[in-house]
Amino acid sequence: MNNILEVNVEDFDCWVDSGTTRKQLNNYLKDTGLWFPIDPGADACIGGMCSTSASGTNAVRFGTMRENVLNLECVLADGTVINTAGLKARSRKNVAGYNLTNLMIGSEGTLGVITKVALKLFPQPETILSAVAPFPDVASAVQSTVEIMQTGLPIARIEFLDEKSIQANNIYNKMGLDETPTLFLEFHGSKGTVDQQAEAAMEICKENQCKFPLLLQLVDQQCL
């Protein structure tokens, strides 16, 4: 129940068993130039992520499991096996009949047991740039988030931690972050693209009293 059954590189999708884990899938996809971006913070199995409609820090750009599942094979309580979007279907546009796929996602096993999943895949970003932006208060951090989203920047991740969360993180991970409300941001794309995105986002943060924004080193996606 943890096999990767089919990868359609040209169509940016795949079929996997429900027991396949997120990291297992992305390790398998490394050489294809594709990846599955939904990251709930743990190496969860794909079936469990569907059952709970998992999301994670990439949801701001890629959405949740609900937006990234094309089809499900499920076993109902009476033993009937169904495909929620049709047998072996993996079309991204499906307006025929009930949307059973989204009905099953988030149902937590109460409607049926998920056995196979068809997923959308995305191109691996050439480079990744992260940023840490501390603020004097929560309102400034929230206002920066709103303005960044309003600009239409294709930001990959944006997470907020208040001072108590930063303090707990410093203790647990032995870090030295400034214990103030902080935004953590991540940008994906080519080097030129992420530089422009980060520059625009940091300008917004500075206008909202960001103390000292820190841009972190570019990361090669192939190493992730």
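1. The model under review is predicted. Its salt bridges number eight in total. The points below take up some of the pairs, including those formed by Arg 90 with Glu 6 and with Asp 11.

2. Glu 6 and Arg 90 form a salt bridge in which the closest N and O atoms are 3.8 Å apart. This pair links distant parts of the chain: Glu 6 belongs to strand S1 (residues 4-8), whereas Arg 90 sits in the loop between strand S5 (81-83) and helix H5 (100-104), and 84 residues separate the two. Arg 90 is partly exposed, at a relative accessible area of 26%. Glu 6 is also classed as partly exposed, with a relative accessibility of 33%.

3. Arg 90 forms a salt bridge with Asp 11 as well, and here the closest N and O atoms lie 2.9 Å apart.

4. Because Arg 157 lies in strand S9 (residues 157-161) and Asp 39 in the loop between strand S3 (34-35) and helix H2 (46-51), the pair ties together parts that are 118 residues apart in sequence. Arg 157 is buried, having a relative accessible area of 18%. Asp 39 is buried too, at 17%.

5. Shared partners join salt bridges into one network, whose members are Glu 6, Asp 11, Asp 13 and Arg 90. The contacts of Arg 90 with Glu 6 and with Asp 11 have been described above.

6. Most residues other than glycine have a negative phi. Ser 53, although not a glycine, has a positive phi of about 50 degrees. Its place is in the loop between H2 and helix H3 (59-62).

7. Lys 174 is likewise not a glycine and has a positive phi, of about 55 degrees. Lys 174 is located in the loop between helix H7 (163-173) and strand S10 (182-189). With a relative accessible area of 73%, Lys 174 is exposed.

Technical notes. Residues are numbered from 1 along each chain as its sequence is written. This is a predicted model: local features need pLDDT of at least 70, side-chain atom pairs count only at pLDDT 80 or more; totals for chains, interfaces and linings use all residues. Side-chain values use heavy atoms; hydrogens and water are left out. A salt bridge is a side-chain nitrogen of Lys or Arg within 4 Å of a carboxyl oxygen of Asp or Glu. Helices (H or I, at least four residues) and strands (E, at least two) are DSSP runs, numbered from the N terminus. Buried means under 20% relative accessible area, exposed over 50%, partly exposed in between (1.4 Å probe, protein chains only).
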